[in-house]
Amino acid sequence: MAYPKLLTLALFLGSIQALNNGLGLTPAMGWNSWNKYGCNINEQVIKSNAKRMLDLGLDRLGYKYLNIDDCWLLANRDANNHIIVDPIKFPKGMKEMGDFLHSQGLKFGLYNSAGTMTCQKLAGGLTYEQVDALDYASWGVDYFKYDNCYNLDLPGPMRYNAMRDALAKSGRQVYYSLCSWGTDDVWQWGNQTGGWNDPDMLEIGNGGLSDTEERSHFALWAFAKAPLIIGCDLTSVKTSSLNILKNKNLIAINQDPLGMQATCILNCVSDIHVIGAQQNGYFAAMVMNWNDDLPQAITLDFALMGASTSINAACKVTDLWSNQPIGTFVGFLNTPVIQPHDNTAYKIVCDAAQ
């Protein structure tokens, strides 16, 4: 089964996020149309999901960006090189959409590609960065996702930096999301416009994963400090999926102000990994069972994993999924048996050595 390997790879080959404009101090949170709807979008689809974000209280947890992906525009530009909004799907235009979302207390996100066309062969942004950035600003765009299709094999830094600079001059603060597919050694230059690794939108609620895999999907994104961008139909999302998306402890890890992306810290050559990082005031650890068939457990050595500075330190452990304290342990913790593709996640606070 390819699921574990592909997901592990995705944690390292994603987008690099955010323009240096005071935004993106923590990973973005919101909703994106593509995973569920693809090109089947229109004004009603977007507004109904926006309203559900509010009804479900997702906005109060930090999910603020409402992002319209590909297929909102036409293939050709007008005589003055401006993008033409699809008049059938969005007859009131994008300025009205931005005004609506802002009136609901949400932020407005839009998509294009750093090439001659978008991935669906609509009008791309390459060479039109200045005019597009000004249009986006005039529409009230708060978040801009820039894809990598039809790029003419031109260098990524040239294409993505051109839009970065155009957005910076547009007069509006815009959260800039680079979707470069991990090409052009993006890890060497992408951080000049920000720094959150982005393995793409969440699939929770779309039916392709079991409940167990949805839990692991969310925890991995949270620990990786990846943007938490919901990708399902919020008007019909099931309760179990919604509860995962609303887990405050995992969201807190994702939004921790230290911004330290978790890495594998124990058992990294096996298929039950311990992933962890220091947070602001505690250590967070996730145990992920990548095995397809075998339930497994593991011993967490607090000193070895970096949660404590002494083998004799007493550590208070809380289950991040249930928010229940597990107890105080000296030196190590034996995890329960973890089912295939499932995980456990812990908050660990260690005292000085006894």
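Q: Are Tyr146 and Tyr176 buried or exposed?
A: Tyr146 is buried, and Tyr176 is too. Buried means under 20% relative accessible area; exposed is over 50%, and partly exposed lies in between (1.4 Å probe, protein chains only). The model is predicted: local features need pLDDT of at least 70, side-chain atom pairs count only at pLDDT 80 or more, and totals for chains, interfaces and linings use all residues. Residues are numbered from 1 along each chain as its sequence is written, and side-chain values use heavy atoms, with hydrogens and water left out.

Q: How many aromatic pairs are there?
A: Rings of Phe, Tyr and Trp (its six-membered ring) pair if their centres lie within 6.5 Å; planes under 30 degrees apart are stacked, over 60 edge-to-face, the rest tilted. By this rule there are 12 aromatic pairs.

Q: Why is the pair of Phe144 and Tyr176 called stacked?
A: The ring centres are 6.5 Å apart and the planes meet at 10°, so the pair is stacked.

Q: What makes Phe144 and Tyr176 a tie between parts of the chain?
A: Phe144 belongs to strand E5 (residues 143-147) and Tyr176 to strand E6 (residues 175-178), so the pair joins parts 32 residues apart in sequence. Strands (E, at least two residues) and helices (H or I, at least four) are DSSP runs, numbered from the N terminus.

Q: How do you know that Phe144 is buried?
A: Its relative accessible area is 0%, so Phe144 counts as buried. Tyr176 also has 0% relative accessibility and counts as buried.

Q: What kind of aromatic pair do Tyr146 and Tyr176 form?
A: A tilted one, with 6.4 Å centre to centre and 45° between the planes. Tyr146 is in strand E5 and Tyr176 in strand E6, so this pair ties together parts 30 residues apart in sequence.

Q: Which residues form one aromatic cluster?
A: Trp72, Tyr136, Trp139, Phe144, Tyr146, Tyr160, Tyr176 and Trp189.

Q: What does Trp72 contact?
A: Leaving aside neighbours within four places in sequence, Trp72 touches Ile41, Ile83, Val85, Asp86, Phe90, Met94, Leu110, Tyr111, Tyr136 and Trp139. Contact means heavy atoms within 4.5 Å.

Q: Which residues touch the most other members of the largest nonpolar core?
A: A nonpolar core is a set of buried Ala, Val, Leu, Ile, Met, Phe, Trp, Tyr and Cys residues joined through side-chain atoms within 4.5 Å. The largest has 78 residues, and Tyr63, Ile68, Trp72, Met94 and Phe218 touch the most other members. Helix H8 (residues 211-223) gives the largest share of this core, six residues. A second, separate core of 17 residues includes Leu266, Ala285, Ile298 and Phe302.

Q: How do you know that the charged end of Arg215 sits over the ring of Trp321?
A: The charged end is 4.4 Å from the ring centre. The rule asks for NZ of Lys or CZ of Arg within 6 Å of the ring centre and within 35 degrees of the ring normal. Lys347 lies over the face of Tyr282, 5.0 Å from the ring centre.

Q: How many disulfides does the structure hold?
A: Four. A disulfide is a pair of cysteine sulfur atoms within 2.5 Å. Cys39 and Cys71 form one, with 1.7 Å from S to S. Cys39 lies in the loop between helix H2 (34-37) and helix H3 (43-55), and Cys71 in the loop between strand E3 (65-67) and helix H4 (93-103), so the bond ties parts 32 residues apart in sequence.

Q: Why is Cys39 called partly exposed?
A: Cys39 has 27% relative accessibility, so it counts as partly exposed. Cys71 is at 2%, so Cys71 is buried.

Q: What makes the disulfide of Cys264 and Cys268 left-handed?
A: The torsion about the S-S bond is about -110°, so the disulfide is left-handed. The sulfur atoms of Cys264 and Cys268 are 2.3 Å apart.

Q: Why is the disulfide of Cys315 and Cys350 called right-handed?
A: Its S-S torsion is about 105°, so the bond is right-handed. The pair links distant parts of the chain, with Cys315 in strand E13 (residues 313-319) and Cys350 in strand E16 (residues 343-353), 35 residues apart. The sulfur atoms of Cys315 and Cys350 are 2.0 Å apart. Cys315 is buried at 0%, whereas Cys350 is partly exposed at 23%.

Q: How do you know that Cys179 is in no disulfide?
A: The nearest cysteine sulfur, that of Cys119, is 7.2 Å away. Cys179 is buried, at 10% relative accessible area. Cys232 is in no disulfide either: the nearest cysteine sulfur, that of Cys39, is 19 Å away. Cys232 has a relative accessible area of 0%, so Cys232 is buried.
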